[in-house]
Structure formats: structure tokens, C-alpha cells
Amino acid sequence: MGFSRWLNRTVGFFVFFILDIVDFLLCFTYKTLDFFFESEWKPCYCCPPPVAKPAAAGGTRGGKMIVSERSGEYSKVVSLTRTKIHLDEISETLYSRPSLLTRLTKLVKCFKKNAVECCDDSKKRSASTKKTLLTVNSTVVEKLQRTPRWSDCHCTFCTSWLSSSNHSLFVNVQQPKDNKAQENVVFIHGFLSSSTFWTETLFPNFSDSAKSNYRFFAVDLLGYGKSPKPNDSLYTLKEHLEMIERSVISQFRLKTFHIVAHSLGCILALALAVKHPGAIKSLTLLAPPYYSVPKGVQATQLYVMRKVAPKEVWPPIAFGASVASWYEHVSRTVSLVLCKNHNLLEFLTKLITRNRVRTYLIEGFLCHTHNACWHTLHNIIFGSGSKVEAYLDHVRDNVDCEVTVYHGGRDDLIPVECSYGVKRKVPRARIHIVPDKDHITIVVGRQKEFARELELIWRRSTTPPQLPSH
């Protein structure tokens with residue numbers, strides 16, 4: 001075990017150093033290509049961007065809002081069009097992803113300067129970065145494009161939202177024939193997925209009784225599936241929540257509802273429970289990405305990022321997560337190759353398997369943009385690392401509903417310890433560890449069994465548990 005761990009880290013050191021260089025070169029490549037195809041230099045997160053220029057006061061004629069905040073050596077610049085934004089919605093991992101290349105660059109700078117002065121300066125800098133400004137006003141400069149970028153997919157499936165005047169999420173609704181459902185269930189998918197994760201597995205397998213008593217809502221999250229994929233979005237927690245509220249809760253006038261969420265969706269489910277505590281009838285979380293941060297750890301978001309994406313080459317899922325998390329331009333290249341050609345990949349899959357494999361997982365995995373993937377990963381999974389603990393505290397003390405957690409015993413992406421952490425925060429939560437199942441097969445492959453388990457949870461929730469007294 002010790003040797004394999006050493007080998008994994010040694011190989012990873014060289015592999016990720018090469019990826020550092022490749023990402024550095026791709027940065028200039030994409031800036032050139034963006035200028036060629038879109039006649040504009042597009043900003044990225046590779047280095048501290050310049051402070052935003054103030055624009056003419058009053059209005060959003062230019063459309064694009066830029067938030068600039070300088071903290072220590074980093075200058076954070078945020079783009080958004082529709083609303084003002086709080087800096088605590090933007091993950092620090094977007095700007096401060098340390099790499100061997102950046103460390104070597106800093107080391108060279110240290111040699112050029114007086115060594116003592118450099119060290120003293122770094123101490124002052126680290127002390128100054130402990131506190132960051134949480135709220136700033138926005139400045140209007142120039143409108144971002146809402147149409148797909150040249151490197152995004154332009155097929156009718158991926159651009160269907162552009163033809164609709166109602167820019168709400170795509171919601172797959174299944175309800176009783178007489179439209180007299182007694183209760184509602186909202187399903188929230190995970191990262192690199194879509195509503196088909198539920199509609200192709202659970203929806204056909206619910207009992208006739210459940211289908212006649214419950215109204216099911218499966219959403220495509222912002223940036224995924226058939227939902228809008230705006231280029232002017234930073235895919236923050238606030239944006240995701242507002243879109244779910246607008247597209248499901250308000251649109252269908254839900255007063256009470258159950259929630260079933262997977263992976264990334266668990267963070268959104270907890271945030272919804274905090275905002276609508278009286279509406280939640282039950283909360284079912286599958287593989288929740290809750291990483292309990294040890295006391296004394298300052299960089300909470302970077303800590304979560306290292307846990308999810310540990311920069312290791314084995315297992316393959318850890319390597320894939322590391323590439324997607326640490327390398328903005330390498331991951332954009334992967335999206336360019338795979339996502340833009342998802343129709344071809346689906347065709348080849350059906351051809352090779354003689355149409356024996358259903359490709360809904362491929363559709364969910366590939367039908368998104370790099371902008372949506374990159375920002376959702378950082379601003380929700382990593383950026384909400386410090387918030388999930390507070391959400392769980394709120395659910396424990398203020399949300400009167402049953403909490404059930406499922407986790408695959410062989411989940412290589414989100415460790416089982418995350419679910420046990422939820423149990424420690426919310427003692428009334430029921431934990432089910434499903435042996436020999438991973439991050440996907442916790443549902444796929446056991447959909448009939450899981451459908452029955454969900455129905456049992458919903459029936460039990462008619463008599464909600466009592467909150468602990470204080």
C-alpha cells in the first residue's frame with residue numbers, strides 16, 4: 001500500500017507538471033482563437049486580471065457587469081449581466097489554483113529580489129489575505145454574448161433554449177392522469193448529468209400508487225441538458241437556486257415538496273431546505289459532497305478542491321476530476337473534443353453496441369458548455385465548502401423533515417466518510433451504505449429497488465420527526 005501510494009504521487013508529480021505547461025500554452029492558444037472567431041480577447045483565470053475600468057454611471061446599456069476586488073496579490077474580476085453579485089459567491093479556487101509552474105515562477109522572482117525582503121513580504125501578504133471583502137458594487141462595461149461560443153456545441157438540442165422566450169429551466173414533469181396529485185417530489189441531478197438520470201431510471205419504476213399520488217419534477221440544472229447555457233452566467237449558488245425556484249416552485253405553485261438529490265444536487269437541496277424550511281417534507285441525499293474541514297484550516301474552498309481533485313493519476317476517476325478542476329484550458333479542450341461531438345459519440349456507441357446500450361448517461365455527461373461546467377464545479381462544489389456545514393446545522397435545528405442519506409460503498413469520487421459526516425451533523429439522518437455500488441450505480445442498475453425505498457420514505461414523512469429541543 002505504501003509503495004503504490006508513493007508511485008501514484010511520483011507519477012502524478014510528473015504528469016501534472018506536464019499538464020501545467022500544456023495549460024499555460026493552451027491559454028495563449030485559446031486567446032488567439034477567441035480573438036480570431038469572436039473578435040475579442042476573452043479573459044481567463046490563469047493570472048491576476050487587471051482592475052476593472054469604471055464605466056459610465058447608471059445603467060446596463062453595455063450589459064456586462066464587472067466586479068473588481070484586490071486582496072493581497074490577487075485581483076478578483078467577476079463578470080455578470082443581470083444582477084449584482086456578492087464575492088462570497090465566487091470561489092477563490094478560480095483564481096488561486098497553485099501549480100508547480102507558478103511556484104517556480106515565484107521562486108525565480110525571489111532570487112531576483114532580496115531573499116529576506118521577499119520572505120517578509122510574503123508573510124505580510126498571507127496575513128492580509130485572511131479577510132476578504134464579501135460585497136461590492138458592480139460596474140457596467142460591455143455585454144457578454146448569450147449565444148454559444150465557437151467551441152461550444154451548436155446542435156438543436158444544446159441550443160433549444162435560445163428559441164424560447166421563457167428562459168427558465170427545462171423541467172420534465174410526470175403527474176397523475178387526473179392531475180390531482182396529493183404531493184410533489186423535486187429531483188435534482190448531479191454534476192455532468194441531466195434530468196434523464198431520473199426520468200430514465202426511477203420514473204418508469206415507481207408503483208402505480210406512487211404515480212397516482214405524486215407529481216414528479218426532474219430539472220435540467222442551469223447549463224446542463226436542455227436548460228439555458230448563458231455565457232454571461234457565473235453559475236453561482238444564487239443563480240442555480242433562483243432558476244429552480246422560478247422554474248419549479250413558483251411556476252407550479254409548490255407549497256410543500258420532497259427533494260431527492262444526487263452529488264452536486266445535494267448542495268442545492270440543502271440550500272433550498274434553508275430557504276424554504278416549512279415546505280420540505282423529506283430530504284433524500286445521494287453521495288453528498290460534504291467535507292468536514294478541520295479546525296485551523298483557512299483555505300476552506302481550496303481544501304475541498306484538494307479532497308475532490310487530489311491531483312492523482314489513479315484511480316481514473318480521481319485523475320479525471322483533477323484535470324477538470326485544476327486546468328481551465330485543458331478541460332476546455334476536453335469539452336471541445338467531447339461535448340461538441342456528443343451526437344457523433346452517441347451514434348458510435350449505438351453502432352458498436354448494436355443499439356443495445358441506452359445513451360442517456362452520455363447525453364447527460366456531454367450536453368453542457370465548458371463555461372457551465374467550470375464555474376459550477378468551482379462556485380458550487382468547491383465554493384460552497386464552507387457553507388454546507390451551516391446548511392446542515394440549519395436543517396438539524398429548523399427543518400422539520402426526515403433526512404435520508406444513501407452512499408455507494410465503492411464510490412471513488414465522493415468518499416463514504418462524507419455521508420457519515422452528514423450523520424454527525426444531523427443525528428436524526430438515516431444512513432444507508434449500499435455495498436458494491438459506486439457514484440452512478442447507487443441508482444443505475446438498482447432503480448426498481450431504490451424506487452420502492454423512496455416511496456417508503458415519502459409514506460413515512462406523513463408524520464415528520466420532532467426537532468431536538470433546545
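Predicted model: local features only at pLDDT ≥ 70, side-chain atom pairs only at ≥ 80, totals over all residues.

Trainee: Is Leu272 buried or exposed?

Mentor: Leu272 sits in helix H7. Its relative accessibility is 1%, and the cut-off for buried is under 20%. Leu272 therefore counts as buried.

Trainee: Which residues does Leu272 touch, leaving out those up to four places away in sequence?

Mentor: One of them is Ile259, which is 13 residues from Leu272 in sequence and 9.2 Å away in space, C-alpha to C-alpha. With sequence neighbors up to four places away set aside, the contacts of Leu272 are Ile188, Leu241, Ile244, Glu245, Ile249 and Ile259.

Trainee: How many of the 14 residues of H6 are buried?

Mentor: Helix H6 runs over residues 237-250 and spans 18 Å from first to last C-alpha, close to the expected 20 Å. Its buried residues include Leu241, Ile244, Glu245 and Ile249, and Leu272 touches each of these four. H6 is mostly covered, and the number buried is 10.

Trainee: Are H7 and H13 oblique or roughly parallel to each other?

Mentor: The axes of H7 (residues 264-275) and H13 (residues 370-382) come within 10 Å and cross at roughly 55°. The crossing is left-handed. Roughly parallel would need an angle under 35 degrees, so H7 and H13 are oblique.

Trainee: How many nonpolar residues are in the contact of H7 with H13?

Mentor: From H7 come Leu264, Ile267 and Leu268, and they meet Thr376, Ile380 and Ile381 of H13. In this contact of H7 with H13, no residue is charged, 1 is polar, and the nonpolar ones number 5.

Terms used: Residues numbered from 1 in each chain as written. Heavy atoms only, no water. Helix = DSSP H or I, 4+ residues; strand = E, 2+ residues; numbered from the N terminus. Expected span 1.5 Å × (residues − 1). Buried < 20%, exposed > 50% of the residue type's maximum accessible area, 1.4 Å probe, protein only. Axes fitted to C-alpha atoms, helices over the stretch in contact; angles between N-to-C directions. Parallel < 35°, antiparallel > 145°, perpendicular 65-115°, else oblique. Left-handed = near helix turned anticlockwise from the far one by under 90°. Contact = heavy atoms within 4.5 Å. Nonpolar A, V, L, I, M, F, W, Y, C, P; charged D, E, K, R; others polar.
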